[in-house]
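Subject: Structure for you to look over

Dear colleague,

Please find below the structure that I promised to hand over, together with its sequence. I would be grateful if you could read the notes under it with the model open beside you.

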There are 2 protein chains.
Amino acid sequence: MSKTAIVEIFNDKFPIGETVTVNGWIRTRRDSKAGISFLAIYDGSCFDPIQAVVPSDLENYASDVLNLTAGCSVSVTGELVESPGKGQSFEIQATNVQVHGFVQDPDTYPMSAKRHSIEYLREHAHLRPRTNIIGAVTRVRNCLSHAIHNFFYEKGFNWISTPIITGSDCEGAGEMFRVSTLDLENLPKTEAGKVDYKQDFFGKETFMTVSGQLNAETYACALSNVYTFGPTFRAENSHTTRHLAEFWMVEPEIAFADLADAAQLAEDMLKYVFNAVLTERADDMAFFAQRVDKEAITRLEKMVSSEFVRMDYTEAIEILQNCGKKFEYDVEWGVDLQSEHERYLAEVHVGAPIILQNYPKDIKAFYMKLNEDGKTVAAMDVLAPGIGEIIGGSQREESLEALDKRIAEMDLNMDDYSWYRDLRKYGTVPHAGFGLGFERLVSYVTGVQNIRDVIAFPRSPGSADF
Amino acid sequence: MSKTAIVEIFNDKFPIGETVTVNGWIRTRRDSKAGISFLAIYDGSCFDPIQAVVPSDLENYASDVLNLTAGCSVSVTGELVESPGKGQSFEIQATNVQVHGFVQDPDTYPMSAKRHSIEYLREHAHLRPRTNIIGAVTRVRNCLSHAIHNFFYEKGFNWISTPIITGSDCEGAGEMFRVSTLDLENLPKTEAGKVDYKQDFFGKETFMTVSGQLNAETYACALSNVYTFGPTFRAENSHTTRHLAEFWMVEPEIAFADLADAAQLAEDMLKYVFNAVLTERADDMAFFAQRVDKEAITRLEKMVSSEFVRMDYTEAIEILQNCGKKFEYDVEWGVDLQSEHERYLAEVHVGAPIILQNYPKDIKAFYMKLNEDGKTVAAMDVLAPGIGEIIGGSQREESLEALDKRIAEMDLNMDDYSWYRDLRKYGTVPHAGFGLGFERLVSYVTGVQNIRDVIAFPRSPGSADF
C-alpha cells in the first residue's frame, strides 16, 4: 500500500503536479452544488487535514463518496495542486477514492463531527484519539518524551528501567497497590492464621513501585549519570485534576553532584524540551493556544527565556508572611507550601520560574542531605507560573552515619535499607536528582487542565476501563 | 564540582597539556617501587578506565592514595599527557587526589577486583553495575533503547503509553498478576460469599498488562503509526534463562498496512538498532566479543547486511520434515515450532534471519487476520540465527464479521471486546504490528545468555529483591 503521510505533503516533499496517495480518515465532507465533493482527510501525522477535491464523474462517486461521513477510512489518489482556499497550501485533485471502512450508523457514531465535551471524550478513550484535541495531545506528548530521551542521551546519561514490582515501600511515598497471584477466594494461611505470603509468586509481599529513585541511585553510584522514565503508581483515593493512580515519571540521578547541579539540570532539561515542542509541534501548539489556553505558547517561550530564580524556603516563608495577601492556608516556618503559595511566589512575586531550596527536614524524606544548619535539607522544588510545583528533587545524604541517624529518627526499618546503605559504605559520593511527573508536564505544555486527558487510558479510583 | 567525563578525554575533547578533573571510582591501584601509584579510574561514561599517575609527593599520598582500593570514589586533577602504555591514548599526571568515600573493610567488599561469577553478581544487583560486564550491558541497553525511539520518531510514529493496570485479560496471553488494595487479612465479601471486588480500588478485578497491543490499535486507528515501549508482566512459573516476570516490550502498530509492511518494518528496525550499537558502542561490543561471545560483533554485522528471508510456515514444515535431522519434538503441519526448529531453519537451512509467515490459525491469537485459505492467519515470527524467535507479529483482522466469528469460535466473551470491536465498526482499516521483547534483544546483542543479567533488577518466581 502506497504510503504518503499528509505531513510530507505540507512539508513540500512533493512538487505540484505529482500524483500522490494519502490514507486516512474523513474529518468532514462538503458537497458543492456543482457536483463536486470536498473531503477533509486526516492521518494523524500532523494537525491539519488535507483537502481532496472529488469530481462527480468518479465511478464510485454516488455509491461511495456521497456516503462518506466523519470517521470513514479512505485512500485517495490524485494530483497535488496549489489550493485556492485560504490557509491551505496544497490540495489533491482526486482521481480515485477507495473506501476501506464506512462508519456503521453515522448518526450514533460517538466521534461525530460535532463538538463533544472533554468529559464525554474521556468516556470514549478508545475513540478519542480521532479528535483534534487528543491527536494534538498525543503528538505533543510524543515530542516531549523524545526530547527528554534526547536531552539525556546527548549528555551521556544511561536510561535505567527500575523495577515496577517491588518488595519494599522504601520511599514511603504513599499508599501502594499490592501485586499478587494468590487465589483470593482461597488464601493460604500461616499457622498463626495470617496470609502466607511465602506462597505468593515472589515468596513475599510485593507492591507496585511509587518511585525508581532508590534503585536509580545504585546505578548513579557506578555510571555517574542515569535516569529513569517509566510508570509509577499511587493507590491514593484522589479525585483531583492533578492525580492519577498510574503515571509516568522521569527521575535523573547524578553522581559527584550537589543540589545546585540538580537544579541546573532541571532548568536545562525543561528549557530543552520546551524548545523542542515550540519547534517541532508548532501546529499543535497553535491549536492549544487558539482553543484551550491562549497562553500556551507564550508561557513556554517565557520559560525558555527566563532565568529560573533560586530562593531559599526560609526566604519564601518571609515573603509570604509579609506580602499582605490572605491565603487559605496560613504560612509559618516548618509547614509544607500549598499550591496557592507556590503560585503566588512564581506568578506574583517574581513572575518567573522559581527553584525553591533547603526545606525543613521534618517535611521531607529520610534520604535528603542534612544541611549544616541541622534544620533544613538540600531539597528543591521547581515552581512554574501557572501550575506550581512541576519538579521535586534533592541532594541525597551520602554519609552513612548521617543516613542511619535519619533512618532511626524516622522509625524506619534499618534492614529494609541494607542495600541502600551499601552505597554509602562502599565508595560513597555526593549525588543528587529529581523527579518530574510526565503527565503534569504534558498538562502544563498543552494547557489541558485535567491530567486524565493527557494520558491514553487514565487510571483513577473506580476507573480502569479499556 | 568540575565535571569531565572520561569519554570526553578519550574522544579528544581536550588537548594534551590541559588540566582536567575526573570524578570516578577506583578499578585498580598499582604502586611502583619508584614511589608512584597508578590508578585506573572509571566513571561509567565509557568502557575503558583512565589511568592517573600519582607521585608520592602529594600531601595525602600516604594517608589517602596508598589506602585506595577497588570501589573507592575520587576526584583526580592533573595534566593530560600522552600515555606511554599500550592501548591507552591518554593518562593524567595527578596533582591532586581527593577521596570522597573509601570502601569499608575492603577484604569483604562484594565487588572486589577479583572475578566473580555472573550468578554471584546477580545476588548483588545493587552493586553489580560497578562491574565491567554490567556497565557494558547498561550502556548497550541504553543505546538500543534510544535507537528504537529514534527509529520510530524519524518515521513519524507516536509513542503511546498503554496502561499497565488493566481490567481485562484481553489478549489471553498468559497468567496475570492481580493488582489490588483490598486488605487480604480482612477481605470484603459479597452476599454470596465471594470476594467483593466492587470495593477494590478500581471497583473491579484488575491485573498487570501482558501486552499493550489492543490498546495501541485504538491509537493506530486514528494516528496511523504508533508504538508502545513499556513494561509488561507474566505470572508464569518459568525458571528459564529466557523468561522474566517483568520485562519491557516494544509494540509498533501501523494502519493502512498488511503483514508484508509489518515484516519490512521489523527488518528495518532491527538493522537500524544493530547499526546504532555497532557504531556507538564499539568499546562495549569489543568487550562482549572478547569475554562473553566471540560472535557478538560478527553476528550483528551479518544481520545488518543480510536480506531477511520470507518463508511460509507450510514450506518450513516441509523443510523440517525432509531435512533428515532428528528433532526432540516431531514436526507436522499444525504444531507450534520449537526453538530447535526455528534455529535449524535460520542457522542451518538458510543461514540468515527468516521471517516465517502465515501460521495455522489454531495456534495463534483471535485477532489475527484470517487468510483466504481459511486455515492460516497473517502472522509472522522473525527468527534470528543464534536465538530463534526475536519478534512476533501479525496483520490484525479488520473485518467486524470475521473478528466476531473468531471471538465466538474461541469462546471469548464478546462484551469484553466491545471497544475493540468499535475499531472495526467505525472506519476500519487494514493494520498490522509486532512485539519485540526488549530484554531478549539486549541478550541477543550482547551475547549475555541469561535474561536476568540484562535488566537492572530482574523479577522472577521467588525473587523481587531490591
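Predicted model: local features only at pLDDT ≥ 70, side-chain atom pairs only at ≥ 80, totals over all residues.

What follows is a description of the model, from the whole chain down to single residues.

Residues are numbered from 1 along each chain as its sequence is written, chains are lettered from A and ligands numbered from 1 in the order in which they are written, and side-chain values use heavy atoms, with hydrogens and water left out.

**Chain A as a whole**

Chain A has twelve helices and 16 strands, where helices (H or I, at least four residues) and strands (E, at least two) are DSSP runs numbered from the N terminus. Taken along the principal axes, the box filled by the C-alpha atoms of chain A is roughly 85 × 60 × 45 Å. Of its 466 residues, 61% count as buried, a term that stands for under 20% relative accessible area, with exposed meaning over 50% and partly exposed in between (1.4 Å probe, protein chains only). Among the contacts in chain A with a separation of 6 or more, 67% come from residues 24 or more positions apart, contact being defined as heavy atoms within 4.5 Å. The side chains of chain A include 45 positive and 69 negative ones, and the centres of the two sets lie 3 Å apart; Lys and Arg count as positive and Asp and Glu as negative, while His and the chain ends are not counted, and the place of a charge is taken as NZ of Lys, CZ of Arg, CG of Asp or CD of Glu.

**The two copies**

Chain A is superposed on chain B by a rotation of 180 degrees with 0.0 Å of shift along its axis, at an RMSD of 0.0 Å. The two copies are therefore related as by a two-fold rotation axis, the superposition being by least squares on the C-alpha atoms of residues with pLDDT of at least 70 in both. In chain A, the C-alpha nearest the axis belongs to Val179(A), 2.5 Å from it. Because 99% of the interface residues of chain A are also interface residues in chain B, the copies meet through the same surface.

Met208(A), in strand β9 (residues 206-208), is buried at a relative accessible area of 0%. Leaving aside neighbours within four places in sequence, Met208(A) is in contact with residues of both chains, including Val179(A), Phe233(A), Ile164(B), Val179(B) and Met208(B). Asp422(A), which lies in helix α11 (residues 418-425), is also buried, with a relative accessible area of 13%, and, with neighbours within four places in sequence left aside, is in contact with His126(B) and Leu127(B).

In helix α7 (residues 296-305) of chain A, the buried residues are Ala296(A), Arg299(A), Leu300(A) and Met303(A). Seen down the axis of α7(A), these fall within an arc of 95 degrees, so they line one face of the helix; the arc is that of the directions from the helix axis to the C-beta atoms. They pack against α5 (259-280), α6 (282-291), β14 (376-384) and α12 (438-446) of chain A. The buried residues of α6(A), among them Phe287(A) and Phe288(A), pack in turn against α3 (132-154), α5, α7 and α12 of chain A. As for α12(A), eight of its nine residues are buried, so it is largely enclosed by the rest of the structure. The buried residues of α12(A) include Phe438(A), Leu441(A) and Tyr444(A), and the helix is followed by Gly447(A), whose phi is positive, near 80 degrees.

**Two backbone angles to check**

Asp12(A) has a phi near 65 degrees, a positive value in a residue other than glycine. Its place is in the loop between α1 (6-10) and β1 (19-31) of chain A, where Asp12(A) counts as exposed at 56% relative accessibility. Asn358(A), likewise not a glycine, has a positive phi of about 65 degrees; Asn358(A) lies in strand β13 (residues 354-360) of chain A and counts as buried at 17% relative accessibility.

With best wishes
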